[in-house]
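My notes follow in the order I took them.

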Amino acid sequence: MAPKLLVLYGSYRSDRTGIRLARFLVTAFAARGAEAELIDAQQVGLPMLDRMYKEHPPGAAPEALESLAMKIRGADGYVFVAGEYNWGVQPGLKNLTDHFLEEWFWRPAAIASYSAGRLGGARSNLVWHGTLSEMGMVVISSTLLVGPIATSLDEAGAPTGEGGAALMRAFPRFAEDLEWWAEAARRQRNHRAPPY
């Protein structure tokens, strides 16, 4: 059974170079047989966090929130495309993520980070690891660091130059790691209900 993966991206900037990495990931996972869907925080359009999904009465959450909650619960795993802003996390992606909690539980997450510089969002990548773990996800050890993003992927998300070549070398292990954990978590949830 093909894994269902959500690729979550959170930039609201007018020049969104990180969307290139999100597009690459959706295409690359689909080429491996996965059902990969891009969740673009800007297109979802959630407001700044006031009330989490679970804080709305059943059936009363805004449609965008309800629809996304169903997608999160239905996924086998997640890929967080993490831009680095001033050594920290991207506010749009963090805001989208924080609208939910239990919906994320008992599934694996992978982090693919990027930046304009050669470190490829390494500092943001590190911060996301702890955040996603705290939110009930198992964060896989494989990671992707892409930088400089503008010369590593073209506008369509096709790898270019040395950075693109490095991404192509790193992606198979990253994908296999996430797919293995997604399958393992799905089997375990089907075998035994999560404890909480």
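**Entry 1: Trp106**

I started with the accessibility of Trp106 in this predicted model. The relative value is 31%, so I noted Trp106 as partly exposed. The class follows because partly exposed covers the range between under 20% for buried and over 50% for exposed. I then placed Trp106 in the loop between α4 and β5 (107-114).

Next I checked the backbone. Trp106 has a positive phi of about 65°, and it is not a glycine. I wrote the general rule beside that entry: most residues other than glycine have a negative phi.

Which residues does Trp106 touch, leaving aside its neighbours within four places in sequence? I listed Gly136, Ala185, Arg189, Pro194, Pro195 and Tyr196. I followed up Tyr196. A polar atom of the Trp106 side chain lies 3.2 Å from the backbone oxygen of Tyr196. From C-alpha to C-alpha, Trp106 and Tyr196 are 9.7 Å apart in space, and 90 residues separate them in sequence.

Asn86 is not a glycine, yet its phi is positive, about 50°. I found Asn86 in the loop between β3 (77-85) and β4 (88-89). Buried or exposed? Asn86 counts as exposed, because its relative accessibility is 80%.

I then turned to peptide bonds. Most peptide bonds are trans. The bond that joins Gly147 and Pro148 is cis, with omega about -5°. I located Pro148 in the loop between β6 (137-146) and α6.

**Entry 2: Thr160**

I moved on to the loop between α6 (149-152) and α7, where Thr160 sits. At 28% relative accessibility, Thr160 is partly exposed. The side chain of Thr160 reaches the backbone oxygen of Thr151 at 2.9 Å. Leaving aside neighbours within four places in sequence, I recorded contacts of Thr160 with Thr151, Ser152, Leu153, Asp154 and Ala165.

Thr160 and Val44 are 116 residues apart in sequence, and their C-alpha atoms are 29 Å apart.

**Entry 3: Ser142**

I looked next at strand β6, which holds Ser142. The relative accessible area of Ser142 is 8%, so I marked Ser142 as buried. What does its side chain meet in a polar contact? The partner is the side chain of Asp177, at 2.7 Å. Leaving aside neighbours within four places in sequence, Ser142 is in contact with Arg173, Phe174 and Asp177.

**Entry 4: α1 against α7**

I turned to helix pairs. Two packed helices are described by the angle between their axes and the distance between the axes. I looked up both values for helix α1 (residues 19-31) and helix α7 (residues 161-191). The angle is about 60°, and the axes are 11 Å apart. That makes α1 oblique to α7. I logged the crossing of α1 past α7 as right-handed.

I then listed who meets whom. From α1 come Leu21, Phe24, Leu25, Ala28 and Phe29. From α7 come Leu167, Met168, Phe171, Phe174, Ala175, Leu178 and Glu179. By class, the residues of this contact are eleven nonpolar, no polar and one charged. I noticed Phe174 in two of my lists: Phe174 is among the α7 residues that meet α1, and Phe174 is also in contact with Ser142.

I checked α4 and helix α5 (residues 122-134) in the same way. Their axes come within 12 Å and cross at roughly 5°. I therefore noted α4 as roughly parallel to α5. Leu93, Lys94 and Thr97 in α4 meet Trp128, Thr131 and Leu132 in α5. The contact of α4 with α5 has three nonpolar, two polar and one charged residues.

I stayed on α4 for Asn95. Asn95 lies in this helix, residues 91-98. Its relative accessible area is 9%, so Asn95 is buried. Where does its side chain reach? I traced the Asn95 side chain to the backbone oxygen of Pro47, at 3.0 Å. Leaving aside neighbours within four places in sequence, Asn95 is in contact with Leu46, Pro47, Met48 and Leu49.

Terms used. Residues are numbered from 1 along each chain as its sequence is written. This is a predicted model: local features need pLDDT of at least 70, side-chain atom pairs count only at pLDDT 80 or more; totals for chains, interfaces and linings use all residues. Side-chain values use heavy atoms; hydrogens and water are left out. Helices (H or I, at least four residues) and strands (E, at least two) are DSSP runs, numbered from the N terminus. Buried means under 20% relative accessible area, exposed over 50%, partly exposed in between (1.4 Å probe, protein chains only). A polar contact is a pair of N or O atoms within 3.5 Å; within protein, one must be able to donate a hydrogen and the other to accept it, and residues adjacent in sequence count only if both atoms are side-chain atoms. Contact means heavy atoms within 4.5 Å. Axes are lines fitted to C-alpha atoms, for helices over the stretch in contact, and angles run from 0 to 180 degrees between N-to-C directions. Angles under 35 degrees count as roughly parallel, over 145 as roughly antiparallel, 65 to 115 as roughly perpendicular and the rest as oblique. A crossing is left-handed if the near helix is turned anticlockwise from the far one by less than a right angle, and right-handed if clockwise. Ala, Val, Leu, Ile, Met, Phe, Trp, Tyr, Cys and Pro count as nonpolar, Asp, Glu, Lys and Arg as charged, and the others, Gly among them, as polar.
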